Amino acid sequence: MSVVRFDQIARECRETFKSSFEGKPIVGLEHIAPYDMLLKNYDVDVETTFTKSFKKGQILFGRRRAYQHKACVATIDGICSGDITVIEPIEGKVYPDLLPFIIQNDNFFEHAIKGSNGALSPRVKWEHMANFEFNLPSLAEQKVLAEKLWAAYEVKQSYLKMIAATEEMVKSQFIEMFDFKDKGLYRTWGELFETQLGKMLDKNKQNPKDTSCQYLANINVQWGFFDMTNLNFMTFKENELLKFELKPNDLLICEGGDAGRCAVWKEGDSKIKYQKAIHRARPIDGTIIDVNYVQYYIQYYKKCGKLYDFITKGTIEHLTGEKLNEVPVFVPPMDQQHQFVLFAQQADKSISELRKSVDAIDKVIKSLINENL
């Protein structure tokens, strides 16, 4: 094993595409999934100013906002954004199939992020990536390592496909279980829920009469559960403590970001509040609507593409209170609501177990990289 610089085993490719763009795959940063190893998305026959050419097998590295961890192997020839650095292995210096994992290594991205320049849209130059140093085993050892890593990646992909298939099954059941053509069973959100946005983020110094409380931000609300790590504190005046209090069975919906993402609050700790980026909804009549059903309804209403009629599109999605109140909610009899919730919860358990397997494989991949590079 020897210490090498990145530019000793890989080079930047700067070829320009000069032929007709017709039928050519076009790749922007939005097409590269964070942490994924292979390019799976692209556009064809769309207007573009991109001119950088890439070939199948080369690596596309997102040099703008490198903290997004975007780097993948091109699965086709095409044209890409100038914010993507095209990289290929130097023959005889590195086993080609190992190079993608060298780049996807956390240490490589940490190095890239440190060398990024720019306030709003930091970019990293090839010259900085080139001087990254790391341990590299012999070519024979690299081949064995690459085979193990790609085998682990393929197993991970099989689990991810099972997750997608399970979600698709629930979506199909959602469509089949209810007669959505019965217009008499629809109510608008505003007819069913009393909805309120959280408190505007306040970073002012705490007044002696104020109380500091942990609060939920948009990122803490996931589909069907809450990520309670990294909760921040904010000051609340005495008259705000009750206003922004959370009660069991409150439905919390993201106003921005992945707009509509929602979960039902089950905790009993009323000291935790919520920020303005979140709608808090409470049923006006709890005898006709189950918040757990509505959580899944919104999730699959969005997966079916219907929620987008009420979302303001832009750099960040937004679901305003006014638009949320217009969302039609299908309200079947309570027993049917409960039946669907039980079905969806069982699917969630299966997905949760599959995600644990995915996380375990990710740990194996990281361990192999850390031990050998």
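Reader: Which residue in β9 stands opposite Ile-59?
Author: This is a predicted model, in which local features need pLDDT of at least 70 and side-chain atom pairs count only at pLDDT 80 or more, while totals for chains, interfaces and linings use all residues. Residues are numbered from 1 along each chain as its sequence is written, and side-chain values use heavy atoms, with hydrogens and water left out. Strand β6 (residues 59-62) and strand β9 (residues 84-89) run antiparallel and are joined by 4 bridges, where strands are DSSP runs of E with at least two residues, helices are runs of H or I with at least four, and both are numbered from the N terminus. Within this pairing, the residue of β9 that stands opposite Ile-59 is Ile-87.

Reader: β13 is joined to both β16 and β20; which residue of β20 is the bridge partner of Tyr-215?
Author: On the antiparallel side, 5 bridges join β13 (residues 211-216) to β16 (residues 232-236), and there Cys-213 stands opposite Met-234. By contrast, β13 and β20 (residues 273-274) run parallel and are joined by 2 bridges. The β20 partner of Tyr-215 is Lys-273.

Reader: Are helices α4 and α9 roughly parallel or antiparallel, and how many charged residues does their contact have?
Author: The axes of α4 (residues 139-177) and α9 (residues 334-372) come within 10 Å and cross at roughly 170°, the axes being lines fitted to C-alpha atoms, for helices over the stretch in contact, with angles from 0 to 180 degrees between N-to-C directions. The two helices are therefore roughly antiparallel to each other, a class that holds angles over 145 degrees. Their contact has 24 nonpolar residues (Ala, Val, Leu, Ile, Met, Phe, Trp, Tyr, Cys and Pro), 6 polar residues (Gly and the rest) and, among Asp, Glu, Lys and Arg, a charged group. The number of charged residues in that contact is 5.

Reader: Which element supplies the largest share of the lining of the largest pocket?
Author: The largest pocket holds about 860 Å³ of space and is lined by 17 residues, with Glu-167, Trp-223, Phe-225, Ile-351 and Arg-355 lying nearest its centre. Two or more lining residues come from each of α4, α7 (291-303) and α9, and by class the lining divides into 7 nonpolar, 4 polar and 6 charged residues. The largest share, 6 residues, comes from α9.

Reader: How many residues does α9 give to the lining of the second largest pocket?
Author: About 460 Å³ of space lies in the second largest pocket, and of its 19 lining residues the closest to the centre are Tyr-35, Gln-104, Lys-156, Asp-362 and Lys-366. At least two residues of this lining come from each of α1 (99-104), α4 and α9, and the lining as a whole divides into 8 nonpolar, 5 polar and 6 charged residues. Here α9 gives the most, and its number of residues is 5.

Reader: How many Å separate the C-alpha atoms of Leu-241 and Asp-36?
Author: Leu-241 lies in helix α6 (residues 238-241) and counts as partly exposed at 25% relative accessibility, since that class lies between buried (under 20%) and exposed (over 50%), with a 1.4 Å probe and protein chains only. Along its principal axes the C-alpha trace of the chain spans about 70 × 55 × 40 Å. Leu-241 and Asp-36 are 205 residues apart along the chain, and their C-alpha atoms are separated by 43 Å.

Reader: What percentage of the residues of the chain count as buried?
Author: The secondary structure of the chain comes to 9 helices and 23 strands. Of its 373 residues, the share that counts as buried is 45%.

Conventions:
Angles under 35 degrees count as roughly parallel, over 145 as roughly antiparallel, 65 to 115 as roughly perpendicular and the rest as oblique. Two strands pair if DSSP finds at least two bridges between them. On a 1 Å grid over the protein atoms alone, a cavity is a set of points where a 1.4 Å probe fits but cannot get out, and a pocket is an open set with protein on both sides within 12 Å along at least five of seven lines; lining residues have an atom within 4 Å of a point. Grid points are joined across faces, edges and corners, and a volume is the space filled by probe spheres set on the points.
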